[in-house]
Every structure is written in C-alpha cells, then in structure tokens.
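Here is a protein model to walk through together.

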Amino acid sequence: MPSVLLSNPCLLSVLDRFRPVFEHYHIDLIVVPNVQEHMEEHDLLPFAGQFDGVICGDDRFTARVLEQCAPRLKVISKWGTGIDSIDQQAASRLGIQVCNTPNAFTLPVSDSVLAYMLAFARRQPWMDKAMKNGLWDKISGRSLSECILGVVGIGNIGKAVIRRARAFGMKLLGNDIAQIARDFIIENGVEMVSLKELVSRADFVSLNCNLNPTSFHLINSETLRWMKPGAVLINTARGPVVDQSALITALQDGGIAGAAMDVFDFEPLPADSPLLKMENVMLAPHNSNSSPAAWENVHWNTIRNLLEGLAIPCTDLDSLRVTI
C-alpha cells in the first residue's frame, strides 16, 4: 500500500469527499492538517522517507528535502500549475516525477485581471467607501478604451487577458521571452515591445509570466521608475516576480498610481506589511484562481497524475468521478 503525503490546502478542505477515491486505490494518506498556503523546508523534513507520493501546493521541495525523500519518493503531484517551489533539477537527478495541471486557472485568473482594471479605471471601490463615509464625491474615472494595457508573459493566461481587454477596446502591448504565434498577435492587435517600452507606455501592467531565473524581481526599482506616475501594476502571477520593497517605495513616493496584488514574496502577507494600509492598493490572498469548476477539475487531474506517477492503473477514475 503506497503512502501519500497530502498537504494541499484546497484538496484538504474537501478531503472527506475524496477519501473514498484514495481508499479505492489502496492509498495510505499522511494528512498534514492546518497548512496555510504551503510548507517550508523545515516543515517537510520530519516527513522525509515516509511517503511514495505527494499531493502538494507550493511546498518548498528543495534539493535537501528531495534527497532525504529519495529513493522512496516517486512522484510529486502539484495541485495547480506553478512548480517553481520544487527543485526540478534535483528531482530529475533523483528520478522523481514532477507533475502539474497546466492551463488550470486561465479563466478565473484572467477574469481577475480584468476586474482589477475595471475597479481602478471606474473607481468603484473608492466611490463605495466615500459614499459609506457620508461623502457625495464624484471621483473621476476612465473608460478602459482610453487605456493602454501591457501584458508581460503571453502564455495561456496572458492570451486570455488580451482577448478580454481587446473586447473593451484597449490598446495592447505585449512582452515575452518566448516567440508568440504570429496569428495570435495579428488577430488581437498586439504590439510586441521591449519590457522598458511596455512599462513606459502602459496605463496598466499585468504580470502573467512564470517565475524563473529571468523573471525573478523582473519588476524592481529600475523598472518601476520606467512606469508612468498614473500607471497601475497588477500581479496575479508569482510574488517574487516583483521586488516587493521596491514596489512599496514606488507606491509611497507616488512613482506609480496603484497596484493590485494577489501574490506576495511571503504568504500569508505579514500583518505589518505597509501594503495593508495603502489606499491605492487592492489585495487578495492568492485567490485569483477561485472557481468551483476549475478547482474540481484540478482535484481530479492532480489525483490522476499521482496515480500514474505511482504506476497505479486508473482507467476507472472517470467513473468514480461520476459517483463521488
């Protein structure tokens, strides 16, 4: 009977419903309760060597953790898309499979980006607050059709953001280290430019890139100085894509007009973060992927990846999905 470490908060929240699935495949679960966002290296090390597979969130599977988990550990099944918290070189060297669910949250995350842009352009949250404070204050807003959007990272989510923004009549700028299909660029009227030109021209800068060595602190004190004073930064990608201390300084000094942040360097966001007291910032607890339909698909696909990584036949998984 294989043992599996289950530490993903989203699947843990509905574990009672999914226990029969794991029992059907004779999997012994090692459940880590009360995980808030993810486990750090020191949280994982006490479990090393006790499990054959993992269903995790953004747990820090460093080389040290993986080396102590090998050779027993066969597969890490990541709930979601990003696998930057896993040392993939070490996993490959140790023969540990790393699986994820690509394109899992394209629709809800891209919707969130549009929601942030509409909120800042139309000023709804600020008017609502003013009204509830007894003020009849006609705060000036803009139509999105008057604005330029710069999208950094034109993968599945970046493309979905562009399609949505195009429907609002926005001028579209794009930047990516990879070659983007010419037909997509032409059909959606995207002008591909350098990062410096994008952040210098855009009214909204949406970060939709992966976290990798080229994107770590891509937005820093220098790139923030390139942005227009009236511009808004939106990060629904990964926290470390933005140098958070540099962003706080830019917001405090009026270097940029605002920011919408769903992800952070450290999660949960520390209670003493200056971001929590800024009127020109909208915050969310790493929740732009929120969608019952998307989460349901990810639950099942993550379990499928786990079973395949453990070489457990799972041809009847779809029929189980109908009954659970």
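**A walk through the model**

Let's start in a loop: Pro-268 sits between strand S11 (258–261) and strand S12 (281–283). Helices and strands here are DSSP runs, with at least four residues of H or I for a helix and at least two of E for a strand, numbered from the N terminus. The bond that joins Glu-267 to Pro-268 is a cis peptide bond, with omega at about 0°. Before going further, a word on the ground rules: this is a predicted model, where local features need pLDDT of at least 70 and side-chain atom pairs count only at pLDDT 80 or more, while totals for chains, interfaces and linings use all residues. Residues are numbered from 1 along each chain as its sequence is written, and side-chain values use heavy atoms, with hydrogens and water left out.

There is another cis bond to look at, from Ala-70 to Pro-71, with omega near 0°. Pro-71 belongs to the loop between helix H4 (63–69) and S4. Most peptide bonds are trans, and most residues other than glycine have a negative phi.

Glu-37 is not a glycine, yet its phi is positive, about 75°. You'll find Glu-37 in the loop between S2 and helix H3 (41–44). Glu-37 counts as partly exposed because its relative accessibility is 26%; buried means under 20% relative accessible area, exposed means over 50%, and partly exposed is in between (1.4 Å probe, protein chains only). Arg-123 also has a positive phi without being a glycine, near 65°. Arg-123 lies in the loop between H6 and H7 and, with a relative accessible area of 22%, is partly exposed.

Is His-38 buried or exposed? At 11% relative accessibility, His-38 counts as buried. Its side chain makes a polar contact of 2.9 Å with the side chain of Glu-40. A polar contact is a pair of N or O atoms within 3.5 Å; within protein, one must be able to donate a hydrogen and the other to accept it, and residues adjacent in sequence count only if both atoms are side-chain atoms. Leaving out residues up to four places away in sequence, His-38 touches Asp-58, Asp-59, Arg-60 and Glu-267, where contact means heavy atoms within 4.5 Å. Glu-267 brings us back to the cis bond with Pro-268.

Now for a sheet. Five strands form an open sheet in the order S2-S1-S3-S4-S5, paired in parallel. Strand S2 (28–31) and strand S5 (97–99) stand at the edges with a single partner strand each, so one side of each has no neighbour in the sheet. From one strand to the next, the twist averages 20°. Two strands pair if DSSP finds at least two bridges between them, and strand S4 (residues 75–78) is joined to S5 by three. Across that pairing, Val-75 stands opposite Gln-97 in S5.

Helices lie across this sheet. Helix H13 (residues 292–309) lies across S1, S3, S4 and S5, at about 170° to S4. Axes are lines fitted to C-alpha atoms, for helices over the stretch in contact, and angles run from 0 to 180 degrees between N-to-C directions.

Next, the two helices on either side of Arg-123. How do the axes of helix H6 (residues 106–122) and helix H7 (residues 124–132) cross? Theirs come within 6 Å and cross at roughly 55°. H6 and H7 are therefore oblique to each other; angles under 35 degrees count as roughly parallel, over 145 as roughly antiparallel, 65 to 115 as roughly perpendicular and the rest as oblique. Leu-118, Ala-119, Phe-120 and Arg-122 in H6 meet Gln-124, Pro-125, Trp-126 and Met-127 in H7.Finally, look at Ser-206 in strand S9 (residues 204–207). Ser-206 counts as buried, at 0% relative accessibility. Its side chain joins that of Asn-208 in a polar contact of 2.7 Å. Beyond its neighbours within four places in sequence, Ser-206 is in contact with residues including Val-113, Leu-149 and Ile-234.
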